[in-house]
Structures are given as C-alpha cells and as structure tokens.
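Q: I have a structure open and would like to learn how to read it. Could we go through a few features together?

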Amino acid sequence: MNPHYNHEHLIHRIGWLRAATLGANDGIISISSLLVGMASSGAEWSVVMTSGLAGLVAGAASMAAGEWVSVMSQSDAEEAELALEIKHIENNPQQELMELQKIYEGRGLKPDLARQVAVALTEHDVVESHARDELGITEHSKAKPAQAALASALTFLSGGVVPLLLMWLTQTLHFDLPATLWCMGLGSVLTLFVTGALVARASNAHVWRSAFRVAIWGTISMAASALLGRALGVQMA
C-alpha cells in the first residue's frame, strides 16, 4: 500500500463545520456592519462600542438558539422516523427485508446477491441497516443539536470580536473617523478572506473561490450599512 495515500473522508466534519462557518462569518459581517453603520451615523464612540458589544452577545445567543432549535427539529424528525421504522420491522419483517433487497437491486446488485446482502445485514443489525439504507440516517449525518449550538456561539464570538478589537485599537491610537472605518473594514474583510480559505481547506473545497465569495459579501454588507448609517445620521442631525 502507498504510505502517502490519503483515504480520509470529511463527512464526519459536516455538522460542526457548517455551524462553525456560519457562526464565524456571521460574527465578522454582523458586528463589522453594525459598527460601520453606527459610526457613519455620527454616534458617540461609547455608543458605537456599546452597540457592538451588545450585538456580539445577542448575536452569539441568537446563533446558538437558532442552531439548537433547527438541529433539534431535525433530530426529532429522525427519531420519529426511526421509531416508525422499528414498528414496521416488528410488524412486517419479511416486507421490510424485501424493501432492503429492492434498494440493493436498485444500486446494481443481482436479485440473488441483493437478497443475500439484505439477509446478512438484517441479521447483523436490522435497525441500523434500515436507518442507513432506507432512511439515509448514519452516525456521521445524524443531527447533533448541542454540538451545532456550541460551535455557532463560540465561532460567532471569535469572529465578531475581531472588528470590535480593530475599532477599539484605531480609536486608542486616535485615528479620525474615515481612517478608523477603513482600517476596521479592511481588517474585517481580510479576516473573512482568511476564514473562508481555512474552511474551504478543511472541507477540501476550492480555497480561492470560497475566500473571495465570503469577502465580497462582507464588503457589500459593510458598504450598505455605512450608506444607511450616513443617511440616518444626516436626517437626524
């Protein structure tokens, strides 16, 4: 066997990777856009930072709650389907065995071989066989609400704190407002680019395409927030 041959699959990462990606990107984009909008409106420095901190906490809690509810609903649906399938197996074992056989025939096995495979897998673990091949539920794809909620909250916090720190640093160095917004905005876009590239790398996706995509959307969001903040600030002045 080739010692350099890598046969590792990434399906086991899908659940937490999706939640982590959404959390980090949403944290950076949401907080940077909030800060840009507030600062562009002419709000006081303390108000801008307080709004950013409040948005950081509220966003992390919202991401965790949203992921928990969403993935828990998926988990409940999976459990209900499994319970129903177990009842079918208990009441009609031969019919369920035939269903497995037809599934394997549909995948290209000859009827006799499909029957042998169905019997063997049924004897090994009948519930697992039906969950995997009839319902599409596997250990890797099974919903994990707590994991998704925690990943979303932590990554939102880690992403959202970046523009907050950049805003605090530029103000500490006594940058004027345009320089503050440019530094914070460019720093946030660069962070989005890096996180997009890292996530793409971890999931074996196209690195540059993923990185540019998330950076562009972050830029659009901040620009729109700046324009809205400026317009509201002028109207309220």
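A: Gladly! Keep in mind that this is a predicted model. Let's start with Trp 208, which sits in helix α7.

Q: Is Trp 208 buried or exposed?

A: Look at the relative accessible area: exposed means over 50%. Trp 208 has 55%, so this residue is exposed.

Q: How far apart are Trp 208 and Phe 193?

A: You can count along the sequence or across space. Trp 208 and Phe 193 are 15 residues apart in sequence, and their C-alpha atoms lie 8.7 Å apart.

Q: What should I look for inside the protein?

A: In soluble globular proteins, nonpolar side chains tend to be buried together. Here, the largest nonpolar core has 16 residues, and those touching the most other members are Ile 31, Leu 35, Phe 156, Leu 164 and Met 167. At least two residues each come from α1, α2, α5, α6 and α7, with α2 giving the most, 5 residues.

Q: Which residues does Leu 164 contact, beyond its neighbours within four places in sequence?

A: Leu 164 is in contact with Ile 31, Leu 35, Met 49, Gly 52, Leu 53 and Leu 56. Another core, of 5 residues, lies apart from the largest one; Leu 97, Tyr 104, Ala 114 and Ala 118 are among its members.

Q: What span does helix α4 have between its end C-alpha atoms?

A: Compare it with a straight helix. For 23 residues, that would be 33 Å, but α4 (residues 111-133) spans only 17 Å. Now look at Asp 125: a kink of about 120° in α4 is centred there.

Q: What do the buried residues of α4 pack against?

A: They pack against α2 and α3. Ala 114, Ala 118 and His 130 are among these buried residues.

Note on methods
Residues are numbered from 1 along each chain as its sequence is written. This is a predicted model: local features need pLDDT of at least 70, side-chain atom pairs count only at pLDDT 80 or more; totals for chains, interfaces and linings use all residues. Side-chain values use heavy atoms; hydrogens and water are left out. Helices (H or I, at least four residues) and strands (E, at least two) are DSSP runs, numbered from the N terminus. The expected span of a helix is 1.5 Å times one less than its number of residues. The bend at a residue is the angle between axes fitted to the seven residues ending there and the seven starting there. Buried means under 20% relative accessible area, exposed over 50%, partly exposed in between (1.4 Å probe, protein chains only). Contact means heavy atoms within 4.5 Å. A nonpolar core is a set of buried Ala, Val, Leu, Ile, Met, Phe, Trp, Tyr and Cys residues joined through side-chain atoms within 4.5 Å.
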